[in-house]
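Student: Can you walk me through this one? Keep it quick.

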Amino acid sequence: MKILVINGPNLNMLGIREPAIYGSQNFAALERFIRESANAIGVDVSLFQSNHEGEIVDVIQSAYGVFDGIVINPAAYTHTSVAILDALKAVSIPTVEVHISDINSRDEFRRFSFVSLYAEKVYAGYGFDGYKMALEYLTGK
């Protein structure tokens with residue numbers, strides 16, 4: 001099984017950006033955690049991060065026929081991007097949405113997710129563990 005893990009804008013700033021909300025571990029630690037989790041489950045992962053909406057749409061479109069699942073943390077695009085929602089719907093790949101923080105207990109504007117309109121499952125507020133939970137969900141393990 002092949003899973004594409006997509007991280008959106010500002011996640012590359014983990015450890016620097018608001019550590020009280022997102023923790024003190026950096027983005028390299030997150031990628032290491034995802035790879036180790038995937039290895040333990042026995043799934044192949046490809047990791048992608050971008051601060052640009054169009055690049056995220058492009059990588060989702062290029063996943064068609066290549067990946068069996070998508071794990072996405074759309075970050076700020078969660079609340080604004082119909083384009084990412086439409087790309088996910090277009091490729092029809094099983095998708096799980098992940099957020100390091102609990103978006104439902106934060107600012108009012110963060111409580112709505114366009115991606116949730118398509119995602120089969122959402123893990124929010126579990127820190128890095130949400131990614132492992134998403135991989136387990138997609139693989140049935």
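Tutor: One term before we start. Two strands count as paired if DSSP finds at least two bridges between them. With that in hand, take asparagine 7, which stands opposite asparagine 73 in β3. Keep in mind that this is a predicted model.

Student: In what sense do β1 and β3 pair, and over how many bridges?

Tutor: Parallel, over five bridges. β1 covers residues 2–7, and β3 covers residues 69–73.

Student: What does isoleucine 3 stand opposite in β3?

Tutor: Glycine 69.

Student: Which way does β2 run against β1, and how many bridges join them?

Tutor: β1 and β2 run parallel, joined by six bridges. β2 spans residues 44–49. In this pair, isoleucine 6 stands opposite phenylalanine 48 of β2.

Student: Ok, zoom out. What is the strand order in the sheet?

Tutor: β2-β1-β3-β4-β5. The sheet is open, has five strands, and its pairing is parallel.

Student: Which strands are at the edges?

Tutor: β2 and β5 (121–124). Each has a single partner strand, so one side of each has no neighbour in the sheet.

Student: How much are neighbouring strands turned against each other?

Tutor: By 20° on average, ignoring direction.

Student: And β3 with β4: how many bridges there?

Tutor: Three, again in the parallel sense. Within that pairing, isoleucine 72 stands opposite glutamate 97 of β4.

Student: How many β3 residues are buried?

Tutor: Five of its five, so β3 is mostly covered; buried here means under 20% relative accessible area.

Student: Which β3 side chains point which way?

Tutor: Gly69, Val71 and Asn73 point one way, and Ile70 and Ile72 point the other way. All of them are buried.

Student: How many residues of β1 are buried?

Tutor: Five of the six, so β1 is largely enclosed by the rest of the structure.

Student: Now helices. Which strands does α3 lie across?

Tutor: β1, β2 and β3. α3 is residues 53–62, and it runs at about 175° to β1.

Student: At what angle do α3 and α4 pack?

Tutor: About 5°, with their axes 9 Å apart. That makes α3 and α4 roughly parallel, because angles under 35 degrees count that way.

Student: Which residues make that contact?

Tutor: From α3, Glu53, Ile56, Val57, Ile60 and Gln61. From α4, Ala83, Ile84, Ala87, Leu88 and Val91. By class, the α3 contact with α4 has eight nonpolar residues, one polar and one charged.

Student: Next pair. At what angle do α2 and α5 pack?

Tutor: About 30°, with the axes of the two helices 9 Å apart. α2 is residues 27–41 and α5 is residues 129–139. So α2 and α5 are also described as roughly parallel to each other.

Student: Left-handed or right-handed crossing for α2 and α5?

Tutor: Right-handed. On the α2 side, the contact uses Leu30, Phe33, Ile34, Ser37, Ala38 and Ile41. On the α5 side, Asp129, Tyr131, Lys132, Leu135, Glu136 and Thr139 take part.

Student: What is the class make-up of the α2 contact with α5?

Tutor: Seven nonpolar, two polar and three charged residues.

Student: Where is alanine 75?

Tutor: In the loop between β3 and α4 (82–91).

Student: Is alanine 75 buried or exposed?

Tutor: Buried, because its relative accessibility is 14%.

Student: And serine 92, what is its phi?

Tutor: Near 55°, which is positive in a residue other than glycine. Serine 92 sits in the loop between α4 and β4 (95–99).

Student: Last one. Where does phenylalanine 112 lie?

Tutor: In the loop between β4 and β5. Phenylalanine 112 is partly exposed, with a relative accessible area of 40%.

Student: What does phenylalanine 112 touch?

Tutor: Thr78, His79 and Leu117, leaving aside residues up to four places away in sequence.

Student: How far is phenylalanine 112 from glycine 127?

Tutor: 19 Å in space, C-alpha to C-alpha, and 15 residues in sequence.

Notes:
Residues numbered from 1 in each chain as written. Predicted model: local features only at pLDDT ≥ 70, side-chain atom pairs only at ≥ 80, totals over all residues. Heavy atoms only, no water. Axes fitted to C-alpha atoms, helices over the stretch in contact; angles between N-to-C directions. Helix = DSSP H or I, 4+ residues; strand = E, 2+ residues; numbered from the N terminus. Parallel < 35°, antiparallel > 145°, perpendicular 65-115°, else oblique. Left-handed = near helix turned anticlockwise from the far one by under 90°. Contact = heavy atoms within 4.5 Å. Nonpolar A, V, L, I, M, F, W, Y, C, P; charged D, E, K, R; others polar. Buried < 20%, exposed > 50% of the residue type's maximum accessible area, 1.4 Å probe, protein only.
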